[in-house]
Amino acid sequence: GQNVNSYNDVSSGRSNMSITYAPGFKTVYRPPKSGRTFSDLVDAVCRISEDLRVRYTSPHPKDFPQDLIELYKTHRNLPRHIHLPLQSGSDEILKRMRRGYTHEAFLNLVMQMRSAMPDLALSTDIITGFCGESESDHEDTMRLVRQVEFESAFVFAYSQREKTFAARHLEDDVPRETKIRRLQEIGAAWKDTAFSRNSKKVGTVQRVLVEGKSDLKDASLTGRSESNTRVFFHSDPSDPKIRPGQVVSVQIDRTTTTSLFGHPVAA
């Protein structure tokens with residue numbers, strides 16, 4: 001499947017232990033016997049070079065056991081950003097989606113992560129208007145979005161896909177206009193918290209991995225901070241040879257909902 005952290009290499013044999021999921025999470029399938037886990041893989045890749053930023057995408061929240069979270073404390077080359085798909089904050093809708101967790105379990109996982117990494121940035125995926133979603137279900141999602149304070153979110157209105165469990169067993173009964181309204185409300189909610197979190201970075205110095213030239217008039221270069229936030233800045237006149245792949249220190253002068261703007265400073 002697409003859940004990268006469900007990685008389980010059994011080429012060297014299996015243990016007698018089943019895969020361990022995050023507390024409060026389960027799967028509709030039988031848990032496989034454990035081989036080399038995703039935590040083992042991430043640990044090995046991080047050890048290749050301290051200068052190598054190690055990112056991954058498309059994880060499932062159930063596959064964040066404590067040992068994977070602990071790696072973020074061990075390896076500074078794991079950026080302080082995790083994409084953690086929520087999909088819904090309603091227990092009833094999560095059950096219909098067969099996600100294998102509850103509102104409370106998701107929030108507890110976030111608290112566990114931020115306890116280990118106070119500077120952690122989170123992004124997510126959310127679906128609005130899933131089959132049978134009520135206004136109360138929608139408000140549960142809004143509440144969780146505000147509680148977590150995501151720094152980015154990909155929000156989609158539900159549309160039926162052939163050969164899925166929902167298409168076979170559930171009715172797509174939420175009106176299109178209701179889906180769009182809820183999508184807009186969730187978008188406004190996460191953008192409010194994202195701007196608030198980014199505003200706290202003004203005046204801080206961020207380590208930015210340079211990606212290349214910027215298309216903006218008020219910045220010549222762009223890159224990503226350790227929390228995966230887009231950073232725009234002008235090259236230092238005294239060091240005009242800043243190139244993609246370099247890590248530079250940038251002091252943040254201002255912010256938008258999703259981006260930071262600043263100038264290079266001495267490391």
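Helices (H or I, at least four residues) and strands (E, at least two) are DSSP runs that are numbered from the N terminus. The structure described here is a predicted model, in which local features need pLDDT of at least 70 and side-chain atom pairs count only at pLDDT 80 or more, while totals for chains, interfaces and linings use all residues. Residues are numbered from 1 along each chain as its sequence is written, and side-chain values use heavy atoms, with hydrogens and water left out.

The protein contains seven helices and 10 strands, and its C-alpha trace spans about 65 × 50 × 35 Å along the principal axes. For 267 residues a compact globule would have a radius of gyration near 18 Å, and the protein has 20 Å, which agrees; the radius is taken over C-alpha atoms, and the globule rule is 2.2 Å times the number of residues to the power 0.38.

Strands of a sheet pair through backbone hydrogen bonds, either parallel or antiparallel, and two strands are taken to pair if DSSP finds at least two bridges between them. An open sheet of three strands has the order 3-4-5 with parallel pairing, and its edge strands, strand 3 and strand 5, each pair on one side only. The twist of this sheet averages 10° from one strand to the next, where axes are lines fitted to C-alpha atoms (for helices over the stretch in contact) and angles run from 0 to 180 degrees between N-to-C directions. Strand 4 and strand 5 run parallel and are joined by six bridges, with threonine 128 standing opposite alanine 157 in strand 5. Helix 7, residues 176-199, packs on the sheet and touches strand 4 and strand 5, contact meaning heavy atoms within 4.5 Å; the direction of helix 7 makes about 175° with that of strand 5.

A closed barrel of five strands runs 6-7-8-10-9 with mixed pairing, and its neighbouring strands are turned by 55° against each other on average, direction ignored. Strand 6 (residues 205-213) runs antiparallel to strand 7 (residues 221-224) and is joined to it by four bridges, the partner of lysine 213 in strand 7 being leucine 221. Five bridges join strand 6 to strand 9 (residues 247-255), again antiparallel, and arginine 207 stands opposite serine 249 in strand 9.

The largest pocket has a volume of about 1,700 Å³, a volume being the space filled by probe spheres set on the points, which are joined across faces, edges and corners. Of the 50 residues that line the largest pocket, Asn3, His60, Gln87, Met97 and Arg99 are the closest to its centre. Helix 6 gives the largest share of this lining, three residues.

The second largest pocket has a volume of about 430 Å³, and of its 23 lining residues the closest to the centre are His81, Ser123, Ser152, Arg224 and Asn228. The elements that give two or more residues to this lining are strand 3 (81-83), strand 4 and strand 5, and the largest share, three residues, comes from strand 3.

Note on methods
On a 1 Å grid over the protein atoms alone, a cavity is a set of points where a 1.4 Å probe fits but cannot get out, and a pocket is an open set with protein on both sides within 12 Å along at least five of seven lines; lining residues have an atom within 4 Å of a point.
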